[in-house]
Structure formats: C-alpha cells, structure tokens
Amino acid sequence: MSYQINRRDLIRIGAGAVLAAPAVFAAADAPKFFTPAEFAIVDELTELIIPADDHSPGARAALVAVYIDARLAEAFEAKERDDWRNGLQLVDELSRKMHGHAFMEASADERVQVLTRMAKNEMKPKAPEEEFFGELKHATAHGYYTSKIGIHQEMEYKGNVMLEEFVGWEVK
Amino acid sequence: MFLPADKTDEVDLQKTYDAIIVGSGAGGGMAAHVLTSHGMQVLLLEAGKKLDINKELKSMEWPYDHPRRGDMPPDSHALSGREYTIRKPPYAKGSPYKHVYSYVEDGTGSDYAKNIVVDEKDNPYTGTDYAWVRARCLGGKTNIWGRLALRLSDYDFKAASRDGYGEDWPISYADISPYYDKVDLYLGISGHKENLPYLPDSLFQRAVRLNPAEVKLRESLGKMGRVLTPYRAGVTTDGLKHNKYRVHCYGRGACDRRVGGCDIHAAFDSPTGLIYPALETGNLTLRTNATVNEVTVDKDTGKASGVSFIDTDTGQTYAAKGRAVLLAASTLESARLMLLSKSSLYPNGIGNSSGHVGHNFCEHLMGPGVNGLDKEMVGKPRTLDDGRPGSFYLARFRNLEDRSQKFIRGYGFEGGSGTGMFPDNAFGTPGFGSAYKKTVRDYAGAFIGMGGFGEVLPRFDNFVELDPEVKDRWGVPVLRFHIKFGDNEKKMAKDMAESAREMFEAAGIEVLSVNDDLLTEGYSIHELGTSRMGSDPRKSVVNQFQQSHDVPNLLVVDGSTHVSASCQNPTWTIMALCWRSCDHLAEELKKGNV
C-alpha cells in the first residue's frame, strides 16, 4: 500500500511577486531554491490548502513550504524546479487577470478565489494552472501529513509504538 | 539486538564441502538450516552483500526524522508501473539517473530498501515487458517480503487431474503436510483456523484481529460460503523460544509503511530465521559477494563437482568444490545459472536434457481489485488498524466444486481497511481548505480495499533464455524474457474485478472504484516454474525431491520447481519442499547414493 508519494510526484510551480519571506525562516536558513518572494507564495498556498482550524495547526506551522523548497533544491532534474517556478508565475498571472494585482497583494478572499479557479477541474485538469494545482496539492498533502503536526496533532496517530495486543475484534 | 558480526568467511577452496548452496533467501536459508542440522559441512554463497539490516530498515523512524520523508536520494529513480509498458527492457538503459530500481522502490519509504534490491543498471534483462524485482543481499527478498504465508492443497497439486490442464505435481498434500508443520513450528506463523480443504490451516500462533469494516465483510461473505480470514502472516506473534534473534510481533505497523522488513525480526527473514542459527552449528561457511556463474561438472561421472563464482567487488573468479550443489538463487536466476552451465556433457545447460529449463514459467497476476467506503465508520474515532502484520486474506472460491467459469483455476484477495500513519485519502479527496482538511480527517479510517492474486497457467512457450549479446556488470549473459499473459488470465482478471465489486456491494460497502486492468507480468514477485518437478524426465527438470533427473547431486530448491502457481503465495511451500528434499538428500549422501 502506498502511503507516500514518489519524489517526482512532488513537484511543479513558478515565480512572480516580490515580497518579503515569512517569519518561518531564521536569517541563517533562507529558502534553498525559491526566492523569498516565491517562498511567500508557496507558504500562503499551502496554508490555504491545509489551514489551521480549531482541531490543529495548518501547513504553515508544519513548515510544508520549507519541505517543498528543500526537495526542489536537491531535485535531480531541472525540469522539476522549472515547473514549480512557472506554476507560481501562473498563480500571479491568474490573480492579475481576476483581480488586477499579484497574488500576495490580493485580499484573503481574492486569494481563495484564485485557488478555487485553479481547483476547478481538479479531477480532469486542462489549463496549466489547473495542472499546477494538482502538483501543489499533492506536495502539500504529502508534506503536511508526514509532518509532526500532521501525524500527531491533526490525525492523532497513536501507532508506531509497541503493542502487547493487536487492536480490533478476534475472529471466532 | 545481537546479530552476528559482519564478516565474510574464508572459503576453503581445497575442501570438498558436503553441499554448496547458491542463494540465501527462503530456499537457500532453509537448505542451510536442514543440511547443517544433519551435520553436513555446508558452503552458502550469496551474490549480494551482508547488510547490517537493522540499520537499513529503521522500522520505527518517523517520516519527519528523515530528510526526504523516507524517499531515496535525488540521483536514484524507481521505475513506475507505467514505465514497464511504455518502454522496453533493459529499463535502466539510457537513464540519466545514477541508480535505477524496480517498482518496489516507488512510493513507500524507499530509502530503507535501496541497498536491499538490485540496481537495474548493473543487472539488466531483455525481451518482453516484465517487472522483475530482485534483492541481492543476505536473505534476498525475505528481508522485505509481504509475509502472507499460505499452504497449497490437493486442489493445487492435483489441479491437472481436476481440469485437464498441464501436469499434476509428483507429490500430494499428504507428502508435504508434515513439512509445512515443521516450517510453521520453526519459523512461526499467525492465523486463524478455518478448516478449509482448499486452504489448509497451519499450526497457528496468535491471529491478528479484524476491524469493523472487515468483520462486516467477513460476515457477509460467510453467507455466500466464502471465507475472509485474518491475514496468515509468516510472523511470529507469540515468539519462538528456540531463536534468540527474533522476538514476537509488537504491532508497530512498520511492515506496511515501508517497502517491508522488520527490524525486530518478528516477520520471518532468512538470515535471522535460518542462517544465523545454522552458523551456530559450526557446520556452515557463509560467503557473501559471491556471484555463482557456473555449476561445474566432473567429466568422468557427469555429476556436479562444485561451482565457479565471481567476487562481486574484485571481479576475481574462484572455484569451490562440493558433493552436492543446491540452487536457490530465485526462480529466474536459478534457470539462468543452469543455462549458463554449458559443457560438452550438457550442451544445453546442466540438467536440461528435457529442454524444459527456463520454460513452463508461471506466477500470479495482479491488478484487479476494489476500493470502497464503510459509511458507518465516517467520523468515528480512529483505531490502530496498522498495528498488525497484515489485515485479511479472502480465500479462493472459484472452480472448487462448481467449475462453471469461463476460465480455469482460481484467485484470492489480500485487503485491509482503516487508518495507517498516512491518510491515503488526502490525495483523492477533492478541494482545499478547512472543509478538505476535515473530510480527510473524518474519512481516513472508513476505507476498505482489496486486490486479487490469480493463478497464471504454466505454458511451455512462456519462457526465459540467455540473451546472446547483453551482459550484466560482471560480464555474465543476462536473461531474455518471452512471457505474456494469455486468454485465461485475461478472463480471470475480468471476473476478479466483477466478483470484487459484487462482494463489497453485498456487504453494504459503497464501491468507490473497481480496477480490472492487469499489471505487468512479474508484478506479483511470485515468479515460479522454469525447472518444474515431475516423474517424467522428458517433461520435467527435477524429481519430487528436487533432484535433477540428469545430475543426481544437483538440486533446485527455490520456486523454480513449482509445477503450477496455485493462487496461494509461494514462500511457505518453497521452504516446506526444500526441507523435505534436504532431508532426502542428507539420507542419500549418507548412503552414498548421490
């Protein structure tokens, strides 16, 4: 059973806005692949996909963008990086088209509208920004649900421990 | 836990060992155990490395404690299922990646098995599409096997008599049953007694438990006369007093999160289950990094005189001598080795006067299956469904007494439900935002799925041969495949998908998806045949004691000798047959008959 995705399943987006990196990075560990502006978009997109709620923190707290950045930085094929960079550009373009300004300059509502548009044909993506949504979501889900927050707080996973008895019903 | 130190023994090249065993997986390990127990001096040769396996597996490492969450380094590539059909073997040819691995390295936590499975770049093969998974290291594939441990019955051994296709095995269940018992007791097996004539019970230790969706399916199937039973795992669930290298299963769940493997060795693996105990007898010499490239022959007697092997690090070739040679290099590698062992006495390869070596290949087809949702479980508190070495097995029900199907033979299903560490539905649940997050959370434990394993008929024209041109990294000719599923397999696959859907619907499980596509040949990693047993030397390669008809001191003790695949997983049968044959060999050697 496949619980984790393939490395190459992870990757695709593009660059655009020029804004400050969020506070998740200490000065010493800036993004390894993304520009600070790109990183800010990725961080925001992942949090929009898996936000903090009353049950647990979201993708931002789980440092999902940091994980995506690290994987892209060491990716074997340049295409993986290019696809993400291009994808992020598409997000900005779509935002400009819909609201007249770049994604990170858009309001919270407008950002959700951009992502909603990208997710429109999720099961059968056609447009490049729709394909990018698939990559983005896959990477986010993978990064989040393999993180400490995802495993222990969100999913409340109690396994990977020594059990004296198997859980469940004995067959009679 | 103490494991024997990482040392390679010096092979005494002057000495004539009582037996030389080629390969250290289920068959080779068992042969080492049985022959050393009989006091024989045994040399065990393994092509791969001796790994510090616990350092490889790290069964309880959390994903977030690994820099790539368990994935391989970036310069490594695992073949995807699609690559096996859109490209042609050798699949690693022209790949820009430094290392290329088979599909088992795709997806789950593959960094933990990268030193266990072979690099396709060093080990190419040619011919028809085939997903060939190989493990070259001490213990071979037993280090990462799926653990389902089933017995065969006379429905399998005498299948040809029942439906007229192919050949019966030269043994019946009564012949092998005592040896299944020995394997059960020596290695440990978990399961629940069902008293089925077509899926005989083992001497079970504590069974795994079922969760609500699985209980629901079991009860519904019971009304149809079909049996869903707790996973029969080749895992000791109560412990084994006679083995200091293994402890009982603690339900940590690691076995399905990774490619496989168990660093407390509750799951059977050949090194801790068989080889280390055999080393303690003082009768076993173990040489790793030794790729056997020929079975040598005594020209005067026509018997096997030993083997020639290549040191995989230095490339240097050595010869070792033995009174008997046992091949357990895996079904396809053993066939390759026999074909490589050409001499003036045996121009078609050793033991191949019948021309059947490499032929009559059979295996299990995979692909068809169903995924469903048990709505009653949505939003319920999650339980530790992965805290067990397997979930369920659904026994064969086709062509037992009623044989009205459009195909012959049968299939079973492996399946499970509930939550693991990673919520698989995170990828399939549409949308984003808090609604998405909550849906993933609420539904994670409510899914149930199963996939079929069907009997692939042995056919003479499904075969492997030596490629006349392509060689592996050590200059040894590689295998060329001529293996294709036939009409019976395609009809069976269709029925598997249809019956899977019907069984879920009958149990009130909402069907989410049904798959009826066959995966590439080889996917089940249950390759069998190629040196089948039989009593007629014109139509078979070995006798019922796995002795070559042509060369009595040459045995083949891996899956090669299976006459038909059955639909039950082969590992337990490989070991039971091997035990029986090695008892026989020891006796024959004592009598001077071999």
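Two strands are taken to pair if DSSP finds at least two bridges between them. The exercises below apply this to a predicted model.

**Exercise 1.** Determine which strand of chain B is joined to β18(B) by five bridges, and how the two strands run.

*Solution.* Begin with the strand at residues 477-482 of chain B, which is β19. Five bridges link β19 to β18(B), and the two strands run antiparallel. Next, locate one pair of facing residues: B:P477 in β19(B) has B:K471 opposite.

**Exercise 2.** State the strand order of the open sheet in chain B and explain why one side of β6 and of β18 has no neighbour in the sheet.

*Solution.* The sheet has three strands, ordered β6-β19-β18, with mixed pairing.

**Exercise 3.** Describe how helices α3 and α5 of chain A pack.

*Solution.* Two packed helices are described by the angle between their axes and the distance between the axes. For α3 (residues 78-99) and α5 (residues 128-145) of chain A, the angle is about 125 degrees and the axes are 9 Å apart. Angles of 65 to 115 degrees count as roughly perpendicular and those over 145 as roughly antiparallel; α3(A) and α5(A) are therefore oblique to each other. The crossing of α3(A) past α5(A) is left-handed. From α3(A), the contact involves A:G87, A:L90, A:V91 and A:L94; from α5(A), A:P128, A:E129, A:F132 and A:E135. Of these contact residues, five are nonpolar, one is polar and two are charged.

Technical notes:
Residues numbered from 1 in each chain as written. Chains lettered and ligands numbered in written order. Predicted model: local features only at pLDDT ≥ 70, side-chain atom pairs only at ≥ 80, totals over all residues. Helix = DSSP H or I, 4+ residues; strand = E, 2+ residues; numbered from the N terminus. Axes fitted to C-alpha atoms, helices over the stretch in contact; angles between N-to-C directions. Parallel < 35°, antiparallel > 145°, perpendicular 65-115°, else oblique. Left-handed = near helix turned anticlockwise from the far one by under 90°. Contact = placed C-beta atoms within 7 Å. Nonpolar A, V, L, I, M, F, W, Y, C, P; charged D, E, K, R; others polar.
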